[in-house]
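Please walk through this protein chain with me. We start with the whole and then move to single parts.

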Amino acid sequence: MLSNGGITCQNGQVVSVNKGKWDESHGLMNDFEFHKKWLSACRRVLKPNGTIWISGTYHSIYSCGFAMQLLGFHILNDVAWYKPNASPNMSCRYFTASHETLIWARKSKNAKHIFNYDAMKCGAFPKDILKKPDCQMRSVWSIPTPSKSEKTFGRHPTQKPLDLLERIILCCTNPGDLILDPFMGSGTTGVAALKYDRKFVGIDQEAQFVELAEKRLYDILEKKGIK
């Protein structure tokens, strides 16, 4: 929940951080109840060997983490997504926000989750300046924010880079698995899922972003020769 009247820098220009009604806070407790509600719905449909990933800044990630523990999720890792090309802090009164936290959790402590260890240890991650070849993947990932080519069909104000979602999908799913994104935005999760032969279900309440996601999803299907 970031739309609070502040400012940020985008392409060298000072712009408002307000993204729309969907990004506004409704107060601490109301936001917390909302997180519990959607997380409970996700846990209900999560397969026994499935896992959930949540990304966010300090505005919401801790509330989500607490809600997850109350609902019975078992947190496996928190991952710091470091943004080497993060926008500067325009107020000059705080540290420059250059990371987001991701929480990775399984359905319960006794669940047997998927982790493709070798793919993470030995995979190629050329854009990540922190990942050493053939060494264990650590919990700090250096991944630039979305490139211009990822915004060909339009942009979403909180769009995630394709490299980030590809790594998440490759680490804990297998071909043919079904991936759900209840806040799909520009559809990056779906693009990564289809690219690596996973099935995808995406949900979003904003019609303009559903249309954007559809364009990106149809594009990746066309590139794979699927119409």
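This is a predicted model: local features need pLDDT of at least 70, side-chain atom pairs count only at pLDDT 80 or more; totals for chains, interfaces and linings use all residues.

Residues are numbered from 1 along each chain as its sequence is written, and side-chain values use heavy atoms, with hydrogens and water left out.

Now the overall dimensions. The C-alpha atoms fill a box of roughly 45 × 40 × 40 Å along the principal axes. Of the 227 residues, 37% count as buried. Buried means under 20% relative accessible area, exposed means over 50%, and partly exposed lies in between (1.4 Å probe, protein chains only).

Next, the charges. The chain carries 31 positive and 21 negative side chains, and the centres of the two sets lie 4 Å apart. Lys and Arg count as positive, Asp and Glu as negative; His and the chain ends are not counted. Each charge is placed at NZ of Lys, CZ of Arg, CG of Asp or CD of Glu.

How many helices and strands does the chain have? There are 6 helices and 8 strands. From the N terminus on, they run β-β-α-β-α-β-β-α-β-α-β-α-β-α. Helices (H or I, at least four residues) and strands (E, at least two) are DSSP runs, numbered from the N terminus. Among contacts with a separation of 6 or more, 61% come from residues 24 or more positions apart. Contact means heavy atoms within 4.5 Å.

Look at helix α5, residues 188-195. Here 7 of the 8 residues are buried, so the helix is largely enclosed by the rest of the structure. The buried ones are Thr 188, Thr 189, Gly 190, Val 191, Ala 192, Ala 193 and Leu 194. They pack against α4 (162-172), β7 (178-181), β8 (199-202) and α6 (207-223).

Asp 197 lies in the loop between α5 and β8. Its phi is positive, about 65°, although Asp 197 is not a glycine. At 49% relative accessibility, Asp 197 counts as partly exposed. Asp 134 also has a positive phi, near 60°. Asp 134 sits in the loop between α3 (117-122) and β6 (140-142).

Helix α2 covers residues 61-71, and its buried residues are Ile 61, Ser 63, Cys 64, Gly 65, Ala 67 and Met 68. Against which elements do the buried residues of α2 pack? They pack against α1 (28-45), β3, β4 (74-82) and β5 (99-106). Gly 72 follows α2, with a positive phi near 100°.

Finish at strand β3, residues 51-56, which holds Thr 51. Is Thr 51 buried or exposed? Thr 51 counts as buried, because its relative accessibility is 17%. A polar contact of 3.0 Å joins its side chain to that of Trp 104. Such a contact is a pair of N or O atoms within 3.5 Å; within protein, one must be able to donate a hydrogen and the other to accept it, and residues adjacent in sequence count only if both atoms are side-chain atoms. Leaving aside neighbours within four places in sequence, Thr 51 is in contact with Leu 46, Leu 76, Trp 104, Ala 105, Arg 106, His 113 and Cys 172.
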